[in-house]
Amino acid sequence: MTSILVLNGPNLNLLGTRQPEVYGTTTLADIEKLCAGWAADTGCGVAFGQSNHEGHLIDQIHAARGVHDGIVLNAGAYTHSSIALMDAIASVDLPAIELHLSNVHAREDFRHVSYIAKVAIGIICGFGARGYIMALDAMLAHVSDQKT
Ligand code: CA2
């Protein structure tokens with residue numbers, strides 16, 4: 001069975017509590033439920049994680065090797081700064097999709113820079129919580145293509 005890790009970075013645990021005009025009103029727990037529903041519908045395994053700590057995110061990426069077939073990563077602000085997270089994705093040799101709730105390209109210039117994009121198979125941004133399902137669909141299709 002295909003298994004996908006959905007990993008969320010700093011401050012995303014606070015989703016739904018502030019800046020609803022940017023990030024919507026859906027909480028991270030709601031998004032986890034959406035992903036679990038998608039997993040039940042498709043039969044694909046989904047593991048869901050969040051950390052505010054760069055090293056812990058890196059540990060979870062390393063631990064995905066041999067366990068999961070792909071990673072959907074909303075690295076939050078680490079997207080724009082973390083060479084270490086980029087190296088972690090490159091080092092595990094698993095396909096990764098960069099994900100953002102907001103359209104980072106319509107926002108401040110510093111959000112236009114992404115280290116994750118350099119090692120991702122693709123990027124989804126600007127679709128809010130629905131983007132998680134879009135990313136899971138895309139990853140499942142990608143992994144299925146690789147297996148045939
Ligand atoms: O749009 C996204 O998903 C982001 O990854 C969210 C990050 C931001 O730094 C990225 O540029 C784009 C920030 C997450 C902050 O989450 C909050 C949650 C509640 C209230 C305020 C911020």
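This is a predicted model: local features need pLDDT of at least 70, side-chain atom pairs count only at pLDDT 80 or more; totals for chains, interfaces and linings use all residues.
User: Ok, which residues does UniProt list under "active site"?
Analyst: The unreviewed UniProt entry gives Tyr23 and His100 for "active site", and such annotations may be inferred rather than shown by experiment, with positions given in the numbering used here and feature names shortened. Although these residues are spread over 78 residues of sequence, they cluster in space, with a largest C-alpha distance of 9.4 Å. The lining of the largest pocket includes Tyr23 and His100, where a pocket is an open set of points on a 1 Å grid over the protein atoms alone, where a 1.4 Å probe fits, with protein on both sides within 12 Å along at least five of seven lines, and lining residues have an atom within 4 Å of a point.

User: Where is Tyr23, and what does it touch?
Analyst: Tyr23 is found in helix 1, residues 20–23, and helices here are DSSP runs (H or I, at least four residues), just as strands are runs of E with at least two, both numbered from the N terminus. Not counting residues up to four places away in sequence, Tyr23 touches Leu15, Leu101, Ser102, Arg107 and Arg111, with contact meaning heavy atoms within 4.5 Å.

User: Why does Tyr23 count as partly exposed?
Analyst: Tyr23 counts as partly exposed because its relative accessibility is 24%; buried means under 20% relative accessible area, exposed means over 50%, and partly exposed lies in between (1.4 Å probe, protein chains only).

User: And is His100 buried or exposed?
Analyst: His100 counts as buried, at 4% relative accessibility, and its place is in strand 4. The side chain of His100 makes a polar contact of 2.7 Å with the side chain of Glu98; a polar contact is a pair of N or O atoms within 3.5 Å, where within protein one must be able to donate a hydrogen and the other to accept it, and residues adjacent in sequence count only if both atoms are side-chain atoms. Leaving aside neighbours within four places in sequence, His100 is in contact with Asn74, Gly76, Thr79, Ile124, Cys125 and Gly126.

User: Which residues are under "binding site" then?
Analyst: The unreviewed UniProt entry lists Asn74, His80, Asp87, Leu101, Ser102 and Arg111. These residues span 38 residues in sequence and their farthest two C-alpha atoms are 24.1 Å apart, so they do not all gather at one spot. Of these residues, the lining of the largest pocket includes Asn74, His80, Leu101, Ser102 and Arg111.

User: Where do Leu101 and Arg111 lie?
Analyst: Leu101 lies in the loop between strand 4 (96–100) and strand 5 (122–125), and Arg111 is found in the loop between strand 4 and strand 5 too. Leu101 is buried, with a relative accessible area of 4%, and Arg111 is buried, with a relative accessible area of 16%. The side chain of Arg111 makes a polar contact with that of Glu108 (2.7 Å), and, leaving aside neighbours within four places in sequence, Arg111 is in contact with Tyr23, His80 and Val104.

User: Changing topic, which residues of helix 2 are buried?
Analyst: In helix 2, Leu28, Ile31, Cys35, Trp38 and Ala39 are buried. Seen down the axis of helix 2, the buried residues fall within an arc of 100 degrees, so they line one face of the helix; the arc is that of the directions from the helix axis to the C-beta atoms. On the other side of helix 2, Lys33, Ala40 and Asp41 are exposed.

User: What do those buried residues pack against?
Analyst: The buried residues of helix 2 pack against strand 1 (3–8), strand 2 (45–50) and helix 5 (130–147).

User: Last one, where are His68 and Ala90?
Analyst: His68 is in the loop between helix 3 (54–63) and strand 3 (70–74), and a polar contact of 2.7 Å joins the side chains of His68 and Ser3. Ala90 is in helix 4, residues 83–92, and counts as partly exposed at 48% relative accessibility.

Conventions: Residues are numbered from 1 along each chain as its sequence is written. Side-chain values use heavy atoms; hydrogens and water are left out.
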